[in-house]
Amino acid sequence: MTMLAKISADAGNRSAALAGIALMLLAVWMFSFGDALGKFIVATYSVGQLLLLRAVASLVLLSPAIWRHRAAFRSIQKPGLQVVRVALSTLEVAAFFAASVYLPLADVITYYLAAPIFVTAASAIFLGEKVGWRRWSAIVVGFIGVMIALRPSTQAFSWPAMIALAGSASFAALMIITRSLRGTPDIVLTAAQFSGTLLFGLVVAPFGWITPSLPDFGLFAVAGCISIAAALAVNRSLKLAPASVVVPYQYTMIIWAVIFGYAVFGDVPSVAMLVGAAVIIVAGLYIFLRERDLVHDEPVVVPPPG
């Protein structure tokens, strides 16, 4: 390769990386906006109703892609594991919005930021992956960050906090299972997830159903559109740039959670929550960078929660 060609290639790689970073930042903003919108909706409507109508809007948008790739749905890899994955996906998103009814948005996001730490610990325990003392140390530090954010007391260990942590653990299990389903096309995984929340919503939404006004129907539709757009932005980001470049930017979600929480709901983050979030982020970034150095293949990345 000539010097000029190399410079051109480097410039192209830098442009692609910058575009990937920009798309990841946009996706995180959309996910955060969608989370804030969901928290706003569940102040009036049930979590089941939110998941039902959001899933309807999402599947309507996905229907052209589902039809184009319908052949991929005829032979699904490991159907039993697929069902478990859908159940976990439905559980984690339901837990997220259920916890957000009672907790500030930034607090719920902080608990969910611990998911990559849970994934590393679970990988060693359940998948037999080798985890050295450095990453175990980072896992311990990450759990300390969770405890700081929880502000240990009888009130801190409330049902909403436990629901958020259960959702975070479910999200971690979801990522573990997704690793073993890498051969499944993205459209199948995405459609299955929204189908799971649709079925869950159909079962629980009738209890306490409130018929939405036309403007509120619009909010449900916007929530569905945002979730699809954010997922597409994440996928495109990971195609333009290596995961090691763009994934750390997902931690900017806590910034948007604080901003949306304060601007929309008047939530003022506590010092303990901010310190805990910082500790979790540092531990998570260390684990991610350590795994990047030890593993040649790009890790499977699931879009942020919510």
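Ring pairs tie Trp-29, Phe-33, Trp-256 and Phe-260 into one cluster, where a pair means Phe, Tyr or Trp rings (for Trp, the six-membered one) with centres within 6.5 Å, called stacked with planes under 30 degrees apart, edge-to-face over 60 and tilted for the rest. This is a predicted model, so local features need pLDDT of at least 70 and side-chain atom pairs pLDDT 80 or more, while totals for chains, interfaces and linings use all residues. Residues are numbered from 1 along each chain as its sequence is written, and side-chain values use heavy atoms, with hydrogens and water left out.

**Overall make-up**

- The protein has twelve helices and zero strands, taken as DSSP runs numbered from the N terminus (H or I over at least four residues for helices, E over at least two for strands).
- Read along the sequence, that gives α-α-α-α-α-α-α-α-α-α-α-α.
- Of the 306 residues, 46% count as buried; buried is under 20% relative accessible area, exposed is over 50%, and partly exposed is in between (1.4 Å probe, protein chains only).
- Take the contacts with a separation of 6 or more: 89% of them come from residues 24 or more positions apart, a contact being heavy atoms within 4.5 Å.

**Aromatic pairs**

- Searching the whole structure turns up eight aromatic pairs.
- Trp-29 and Phe-33 are a stacked pair, at 5.4 Å centre to centre and 10 degrees between the planes.
- These two sit about one helical turn apart, because Trp-29 and Phe-33 are four residues apart in helix 1.
- Trp-29 counts as partly exposed at 32% relative accessibility, and Phe-33 is partly exposed too, at 29%.
- Phe-96 and Tyr-112 pair up edge-to-face, with 5.2 Å centre to centre and 80 degrees between the planes.
- That pair links distant parts of the chain: Phe-96 belongs to helix 3 (residues 79–102) and Tyr-112 to helix 4 (residues 105–112), 16 residues apart.
- Phe-96 counts as buried at 0% relative accessibility, and Tyr-112 counts as buried at 3%.

**Nonpolar cores**

- The largest nonpolar core has 74 residues, and those with the most contacts inside it are Phe-96, Phe-97, Ile-109, Tyr-111, Leu-113 and Ile-254; a core is a set of buried Ala, Val, Leu, Ile, Met, Phe, Trp, Tyr and Cys residues joined through side-chain atoms within 4.5 Å.
- Helix 1 (residues 3–41) gives the most to this core, with ten residues.
- Apart from it lies another core of seven residues, including Leu-59, Leu-62, Ile-187 and Phe-194.

**Ile-109 and Thr-110**

- Leaving out residues up to four places away in sequence, Ile-109 touches Asp-35, Phe-96, Met-253, Ile-254 and Ala-257.
- Thr-110 is in helix 4 and is buried, with a relative accessible area of 0%.
- With the sequence cut-off of up to four places again applied, Thr-110 touches Ala-149, Ile-254, Met-273, Ala-277 and Ile-280.

**Surface**

- The accessible surface comes to about 14,800 Å², with 71% of it belonging to carbon and sulfur atoms; areas come from the Shrake-Rupley method with a 1.4 Å probe, and for residues only the protein chains shown count as cover.
- Ile-125, Phe-126 and Trp-136 make a nonpolar patch of about 370 Å².
- Patch residues have over 30% relative accessible area and no salt bridge, with nonpolar side chains (Val, Leu, Ile, Met, Phe, Trp, Tyr) joined within 5 Å and like charges within 9 Å; a salt bridge is a side-chain nitrogen of Lys or Arg within 4 Å of a carboxyl oxygen of Asp or Glu.
- Phe-126 is part of helix 5 (residues 115–126) and counts as exposed at 66% relative accessibility.
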